[in-house]
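Dear colleague,

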Amino acid sequence: MSTDAIALPRTELASRPFVDALHEWVTTVDHKRLGILYIVYALVFLVIGGIEAGVMRIQLVRPHNDFVSPQVFNRMFTMHGTTMIFFVAMPLVFGFANYLVPLMIGARDMAFPRLNAFSFWLTAFGGLLLYFSLVGANGLYGAGNAPDVGWFAYAPLTSRTFSVGHSTDFWTLGLLVSGFGSIGTAINILTTILCLRCPGMSLGKMPLLVWLNFVMSGMVVLAVSPLTAAQLMLLVDRYLGGHFFDTQAGGSAVIWMHFFWIFGHPEVYVLVIPAFAFASEIIPVFSRKAIFGYPVMVAATICIGFIGMSVWAHHMFTVGMSSNANTFFVLSTMAIAVPTGIKIFNWLATMWGGKIEFKTPMLFCVGFLFQFLIAGLTGIMLSAAPFDWQLGNSYFVVAHFHYVIVGGILFTVFAAFYYWFPKMTGRMCDETLGKLHFWLFLIGFHLTFDFMHIPGLLGMPRRIYTYEPGRGWDIWNLIVTIGVFFQALGTLVFVANLLWSYFKGKAAGNDPWDAWTLEWSTNSPPPAYNFATIPAIKSRRPLWDLKHPDDPDWKYE
Amino acid sequence: MCAFPFRASVFLFKHLRCEEQSQARGKTIAHDFLAIAQEADARGDPPNAMASTRHSSTLGVFHLFLVAIWSAAASTDTAAQSMSPTNIFAPVSTSAKSIFGLSIFVLAVTAAIFVVVFALLTYSVVKFRKRANDDGREPPQVYGSNQVELAWTVIPVLIVVALFMATARVIADVQKTARPDNAIEVIAIGHQFWWEYRYPALGVVTANELHVPVSDSNHPTPTLIKLLSADTDHSFWVPRLAGKTDLIPNHPNSMWIDPHQTGLFLGQCAQYCGTQHAKMLLRVYVQSRDEFDRWIQEQRRPAFASDAASRGQRIFETTACINCHTVAGTVADGRFGPDLTHLMSRDTIAAGATPNTPQNLRLWIRDPEAIKPGSLMPAMELNDQDLNALTAYLETLR
C-alpha cells in the first residue's frame with residue numbers, strides 16, 4: 001500500500017499577487033481550503049463573541065453597575081449567544097469535519113465540492129447579515145441596532161409590537177441563511193461518508209471521528225429544518241399578517257418554544273458529538289492504545305443521536321406542561337446520561353494501561369474529560385424537572401451549558417487545533433505556548449464557570465443587566481468576572497501561538513504524533529488531490545498495520 | 001454501589017406516601033427522608049433485606065454521607081437564609097420543600113458518581129502517564145470487553161431508574177391540581193415590567209407587592225396563583241416559596257404556595273421579557289391570618305378622599321396619568337399601569353426597583369429613566385409646582 005503523496009519539488013508561489021491568492025481562496029471548492037475558511041471565520045467570530053461576553057461580565061461585576069445600559073446589555077447577550085452557537089461552534093465543527101472526513105476515509109474531496117463552497121458562503125453571509133443589523137436595522141443606514149430578543153427569541157417578544165425596527169429580521173434572516181448552509185454541508189458530509197470511502201473501509205472500519213460526524217450530520221438535517229421552518233413562520237407573522245406566534249390573535253407562544261427547542265437541544269449534540277469525535281481520535285494516540293470498545297462507542301453515539309431528538313421539552317419544564325409530559329421528558333433526558341456515561345468510561349478504559357503523553361492536545365482532552373463529567377452531572381440535576389423549576393433560567397443553567405460548550409466542546413476544539421495544526425500547515429504548534437494557553441484557560445474557565453453555579457442556586461436569574469445588592473450574589477459575580485480575564489489572556493496566547501507557529505513553527509513532517517489514521521499518511525499540508533493513489537485498508541488503524549506488520553490490527557478486529 | 005440510589009428512592013417514595021396521608025408536618029423532607037431511611041434500615045426491611053446485608057457497610061457510608069449533608073444543611077439553615085434571601089436551599093413552603101428534598105437526593109447521587117469517576121480518571125491519568133525511563137515500546141493493545149461494557153451500561157441504567165422514579169413522584173406531588181376549599185385565589189398578571197395582582201373573590205386589585213396569609217399545618221390556607229400575561233413571557237420565581245412557573249400570553253398557568261413562615265420573601269421575573277426584565281422584582285408578604293384580613297379590608301376601601309378637588313388630583317385626572325393608572329372611586333381607570341388606589345400602602349415603587357419615598361416618587365414621575373431605564377412609564381414633563389402637587393396627591397392614596 002502506498003499512500004504517500006507524490007513528492008513534487010516545492011514551487012515558490014510567494015511572489016504571487018495578493019489578488020490572485022484571494023481569488024483562489026474565494027473561488028475554491030477544495031474541502032481542505034473550505035475547512036480552513038470555516039475555521040478562520042469561526043475564530044474571528046469567537047473573538048467578537050468573547051468581547052460581547054466580556055462586556056456583560058464587566059457590567060455584572062458589582063450590583064447596580066452602569067457600565068452599559070440595559071438596552072446594550074440585552075443586545076450583548078443576544079448577540080453573544082447567537083454568535084457563539086451559529087457562527088463559532090457550528091463553523092468550527094463543520095470546518096474540522098470538512099477538512100478531516102475526506103482525508104480520514106481516503107477520498108479526494110467531498111461528494112459535492114461546489115455545494116460545499118456554496119454552503120460555506122451561505123454561512124459566512126448569514127453571519128455578516130446578523131451583524132449588518134448594527135448598521136441597517138432601523139431602516140436608515142448607520143442608525144441600526146443589534147437584536148435584543150435573546151438567542152432563543154421567545155414569542156411574542158419577536159412580534160412587531162414588541163420588537164420594532166428590523167433588528168429581529170436580521171436575526172431571523174441571518175439564521176435562516178446560515179441554516180441552509182448547515183443543511184447543505186450536512187447532506188454533503190453524509191453523502192461523502194456513504195459513497196466515497198476507500199477500498200476496504202466498511203462502515204465498521206471507519207475512524208470514530210467519521211462515524212461521529214456522520215451522526216452529527218444526520219442530526220443537523222433533522223434539527224435545523226424545524227428551525228428554518230420556524231424562522232419562515234416568524235417572517236410570515238411579521239410581514240404577511242400571519243398569526244402563528246401572535247398570541248393576541250389566538251396564536252401560540254408555546255409552539256415557538258417547541259419549534260426552537262426541537263432544534264435547540266439536538267443542536268447541543270450536534271456540537272458535542274464532534275467534540276467526542278476529537279477526543280476519540282486524540283486520546284488513543286496519546287495513550288498509545290486503540291480506542292476501547294469501538295462498536296459500543298458507535299452504538300452509544302447513534303443512541304445519543306436518537307434519544308437526543310426526543311428531549312427538547314426539558315427546556316420547557318417551567319412553561320406549565322402537564323405532569324405526564326414533564327415526566328416523559330425527565331425520563332428521556334435522564335436516559336441520555338447512559339450512552340454518554342458509556343463514552344466517558346470507554347475513554348477512561350482507553351487511557352487505562354496506556355502510556356499517556358501529555359502533549360498540549362492530550363492536556364485539553366484530559367481537561368475535557370473532567371469537565372464533561374461535571375457538565376453531565378449538573379445536566380442530571382437539571383433533568384429532574386422539580387429541581388429544574390428552581391434552577392431553570394437561573395445562572396446555574398448558564399454555568400451548566402457553558403460547562404458543556406466551553407469545558408467540553410471548546411476544550412476539545414483547542415485539542416483539535418493543536419493536534420491537526422501540523423497537518424493543516426506543515427508546522428508544529430509551539431508546545432510551551434500551548435501549555436501556557438492550557439493552564440491560563442483552565443484557571444479562567446474554572447474561576448468563571450465553577451463559581452457561576454452559585455448565584456444560580458441563590459436565586460439569580462439569567463439575562464439581567466443588573467442586580468440588587470444584599471442577595472448574596474456580589475462576591476460570586478466578582479470572581480466570575482475575574483475568570484474571564486484569564487480566559488481572554490489564554491485566548492490571546494492561543495492566537496499568538498497559531499500565528500507564530502504558522503510562520504516560524506518547526507516543520508512537522510507527515511506524521512508528527514506517530515498516529516494511525518489515513519490523514520497522517522499524506523503530506524503536511526496535503527496536496528489538493530489528498531492522496532497520490534487511493535489507499536486501501538484492512539483495519540480501523542491502517543497506519544498501525546503499516547508500522548507493526550508483525551502485529552496488525554486486522555488480525556483482531 | 002448500584003443498590004443505594006434504588007434503596008434511597010424507595011425510602012423517598014415511602015416518605016412521600018406518608019406525606020400524602022398527613023400533609024405537612026412541620027419537619028423538612030430531607031429530615032423525614034433520613035429518619036425513615038434509618039428506621040427502615042433498623043428493622044431490616046424485608047424486600048431489601050438481601051441488599052441490606054450484602055451492602056451493609058457501604059450503605060452505612062451512604063447514610064453517613066446523607067447525615068453529613070443533612071446536618072450541614074440543618075446547622076446552616078439560618079446561614080442558608082442569611083447567605084441570600086433568595087436561596088433555593090432555604091425553603092418555607094410545601095412544594096419548595098419537596099423540591100429541596102429531591103435536590104438533596106439528586107445531589108447525593110451525582111456527588112457519589114462524581115467521586116467515583118473523578119477518582120478513576122485521576123488514578124488513570126497519574127498511574128498510566130508515560131515515565132521518563134520508558135522503553136519506547138507500545139503498550140498492550142486492548143480492543144474492548146463486552147462484560148465491562150455491560151457493567152457500565154447496567155449500573156447507570158439502574159441509577160437513572162432510581163432518579164427517574166424519585167423525580168416522577170415529586171412532579172406528581174407538586175403538580176397536584178386538587179383545590180382545597182379554604183384556598184385563597186390570586187390572579188397574577190405579568191406586564192412589561194411589573195406585576196398586577198387581583199383577588200377576585202375578595203375584590204382587591206394591587207400591584208407588585210403580593211400579600212398572602214401564612215399556612216400552618218393546623219390552619220392550612222394555601223394560595224392558588226393563576227398566572228397570566230398581558231404582553232410577553234414572564235416567570236414567577238420566589239425561590240423560597242416555590243419553583244418558577246412561566247406567565248405566557250394566551251396560555252394560562254397556575255401554581256400553589258403555602259408559606260409556613262411569616263415575613264417578606266423576594267424573587268424576580270425569571271423569563272426574559274424585554275428591556276427592564278432585570279428590575280421586575282417580586283415581593284411576597286406572608287402575613288398572619290389577622291394581618292392579612294386587615295390588609296384586605298384596607299385594600300377594599302375606595303381611595304382616601306382628601307379635600308375634594310385638590311390641585312394634585314386635578315393634575316392627575318387631566319394629564320396622561322389616567323390613561324394607564326386606576327384610582328378606585330375617581331375617573332382614573334387605566335389598566336396599562338399599576339393600580340394606584342392604595343399606593344402608599346406599598347414599600348416600593350417601580351416593581352420593587354426603589355423604596356416608596358416622596359423623593360423617589362417625585363423622581364419617578366419626572367424622570368423614570370433615572371430609576372428604571374426602558375420602563376414604559378413616560379416622563380410627565382410637569383413644572384416643579386405641578387410635580388409637587390401631584391406627588392402630594394399620590395401621598396394621600398393610603
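Over all chains, the count comes to 21 salt bridges, a salt bridge being a side-chain nitrogen of Lys or Arg within 4 Å of a carboxyl oxygen of Asp or Glu. This is a predicted model, in which local features need pLDDT of at least 70 and side-chain atom pairs count only at pLDDT 80 or more, while totals for chains, interfaces and linings use all residues. Residues are numbered from 1 along each chain as its sequence is written, chains are lettered from A and ligands numbered from 1 in the order in which they are written, and side-chain values use heavy atoms, with hydrogens and water left out.

One of these pairs joins Glu138(B) to Arg288(A), at 2.8 Å from N to O. This pair crosses between chains, from the loop between α6 (94-127) and α7 (146-174) of chain B to the loop between α7 (253-287) and α8 (294-308) of chain A; helices are DSSP runs (H or I, at least four residues), numbered from the N terminus. Arg288(A) is buried at 8% relative accessibility, whereas Glu138(B) is partly exposed at 24% (buried means under 20% relative accessible area, exposed over 50%, partly exposed in between; 1.4 Å probe, protein chains only).

Within chain A, Lys547(A) pairs with Asp511(A), their closest N and O atoms being 2.6 Å apart. The two lie 36 residues apart, Lys547(A) in helix α16 (residues 542-547) and Asp511(A) in the loop between α15 (474-504) and α16. Shared partners join Arg288(A), Asp511(A), Asp514(A), Lys547(A) and Glu138(B) into one network of salt bridges.

Yours sincerely
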